[in-house]
Protein chains: 2
Amino acid sequence: MQVEPRKAPGSNSGRKRLRVVAAATEVFLKSGFLGANMDEIAVRAGVSKQTIYKNFGSKEALFVDVVTAMMVEADQKVHTAPAEPDSTEAMERYLFEYAYRQLSVALTPELMQLRRLVIGELGRFPELARILYERGPERAITVLAAVFKRLEAKGLLLCPDATVAATNFNWLFMAHPVNRAMLLGDAGLPSDADMQRLAKEAVRVFLAAHTPNRIA
Amino acid sequence: MQVEPRKAPGSNSGRKRLRVVAAATEVFLKSGFLGANMDEIAVRAGVSKQTIYKNFGSKEALFVDVVTAMMVEADQKVHTAPAEPDSTEAMERYLFEYAYRQLSVALTPELMQLRRLVIGELGRFPELARILYERGPERAITVLAAVFKRLEAKGLLLCPDATVAATNFNWLFMAHPVNRAMLLGDAGLPSDADMQRLAKEAVRVFLAAHTPNRIA
DNA sequence: CGCCAGTCATACTGACCAGTCTAGTTTGGT
DNA sequence: ACCAAACTAGACTGGTCAGTATGACTGGCG
């Protein structure tokens, strides 16, 4: 099977390719890799199976393409960097905003389902799980650690190991809702008020453990 | 299809049943629900397919039985309750021991693979995921919250909401390694030294945020 | 010994499905 | 207008697999 090179997105071929990716995304998210049916994907995309196989070569390759595309798209939403704070009060606000934004962006039904899918297919597609790990939590923690290092230099934070501190903070607000969503489904996702509570509590605990001269 | 009632475990039938469960456990963990092959399970159990269908009725039912059995077994290992502490120093030790034990017991390749499996099959078997949630993190947090309430009554802890405090503590040591294991596989599991570090850091952060009159 | 419930190996059915093939149609560039 | 590339519907192949059917074997018990 000869796989055609990717066409420009404006062309007719390119548009068809996008429709296939969109349809495949739906179907894979709904049914998983083995449960997904190529005929259903073709019908939903309004495209013949031939076209799919011409563009992607195989079910596996389509799956990898679809999941990778979903992660790239998610990446773009997560990337935002507000100005870093200069005072204790500004830092508290900064941390709260950061946590709240991460919660809002990451805890969507699509991303949670993507996560379930990738975890379930770890055995078959370990490289996809690795990419999700690196682009998700690892990247978030790395970026946060760099911020914390600068905050420590300013004397606003006390953290001998910035990566450990960033890991602490990240999971203080993320762990509980993500775990719930993984096992309870979309019904377990937090409301906006929940997210604010989570962010606030995470900031409180984090600062209690990483601020110089603090009295609880 | 008539499903036979469960036989006493000592009998010949009972032993065969156990061998089926053991074999099915292996195969489901390795291949997932759809990927698992009933013929392979039969061969591994040294049993004919007929016997499997007589005892369990269907692939779905076997899967539910197997996963439930795995969770019951895991439960027994997790349940241990050392004496509750009476002083600040004893509490620190207690929390460390608790965290370290939870890490040691929960972060095994089998339990992590079970978790991946259940998460991946959330769409098909939501009730299994719910059971895992209730018997796993929810139960751990509930038990911990009760302990924290008593510790607060003794004046050792400061936590207006014991459940929030228990959630904080639980995920402070669990979140990072569990997330790594989910996405990086068994190679991402922490070493014994890692677990001790995780437990120690979690206790430090937790106590900084939940102890009366504490100076960081 | 003879009974019979449980088990065995094996073959089969019917459904599903990834991927291919065919022959006719549309599209887009020149 | 013309042609080549891309696309279409739909049939087809080959393989897999859940679940059933068959007929023979075995072991415990009266």
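This is a predicted model: local features need pLDDT of at least 70, side-chain atom pairs count only at pLDDT 80 or more; totals for chains, interfaces and linings use all residues.
Residues are numbered from 1 along each chain as its sequence is written, chains are lettered from A and ligands numbered from 1 in the order in which they are written, and side-chain values use heavy atoms, with hydrogens and water left out.

**Chain A**

Let us start with chain A, which has 9 helices and 0 strands; helices (H or I, at least four residues) and strands (E, at least two) are DSSP runs, numbered from the N terminus. Along the principal axes, its C-alpha atoms fill a box of roughly 65 × 35 × 30 Å. Of the 216 residues in chain A, 49% are buried. Here buried means under 20% relative accessible area, exposed over 50%, and partly exposed in between (1.4 Å probe, protein chains only).

**Where the chains meet**

In this interface, 39 residues of chain B are in contact with 39 residues of chain A, contact meaning heavy atoms within 4.5 Å. The area buried between them is about 3400 Å², and carbon and sulfur atoms give 66% of that; buried area is the accessible area (1.4 Å probe) that two parts lose on being put together, summed over both. On the chain B side, I119(B), Y133(B) and L183(B) lose the most area to chain A, together 21% of what that side buries.

The rule finds 12 residue pairs in polar contact across this interface, both residues at pLDDT 80 or more. A polar contact is a pair of N or O atoms within 3.5 Å; within protein, one must be able to donate a hydrogen and the other to accept it, and residues adjacent in sequence count only if both atoms are side-chain atoms. The largest share of the chain B side that touches chain A comes from α8(B), with 13 residues.

**Inside chain B**

Helix α5 of chain B covers residues 88-106. Its buried residues include Y94(B), F96(B) and L103(B), and among the elements covering its buried residues are α4, α6 and α7 of chain B.

In helix α1 of chain B you will find T25(B), which counts as buried at 16% relative accessibility. Leaving aside neighbours within four places in sequence, T25(B) is in contact with V66(B) and M70(B).

S87(B) sits in the loop between α4 and α5 of chain B. The side chain of S87(B) reaches the backbone nitrogen of A90(B) at 3.1 Å.

**Salt bridges**

Side chains of opposite charge can pair when their charged atoms come close. A salt bridge is a side-chain nitrogen of Lys or Arg within 4 Å of a carboxyl oxygen of Asp or Glu.

| Pair | N to O distance |
|---|---|
| R116(A) and D186(A) | 3.6 Å |
| R124(A) and E121(A) | 3.0 Å |
| K49(B) and D39(B) | 3.2 Å |

R116(A) lies in helix α6 of chain A and D186(A) in the loop between α8 and α9, so their pair ties together parts that are 70 residues apart in sequence. R116(A) is buried, at 3% relative accessibility, whereas D186(A) is partly exposed, at 43%. Finally, E26(A), K30(A), E40(A) and R44(A) are linked in a network of salt bridges.

Notes:
The expected span of a helix is 1.5 Å times one less than its number of residues.
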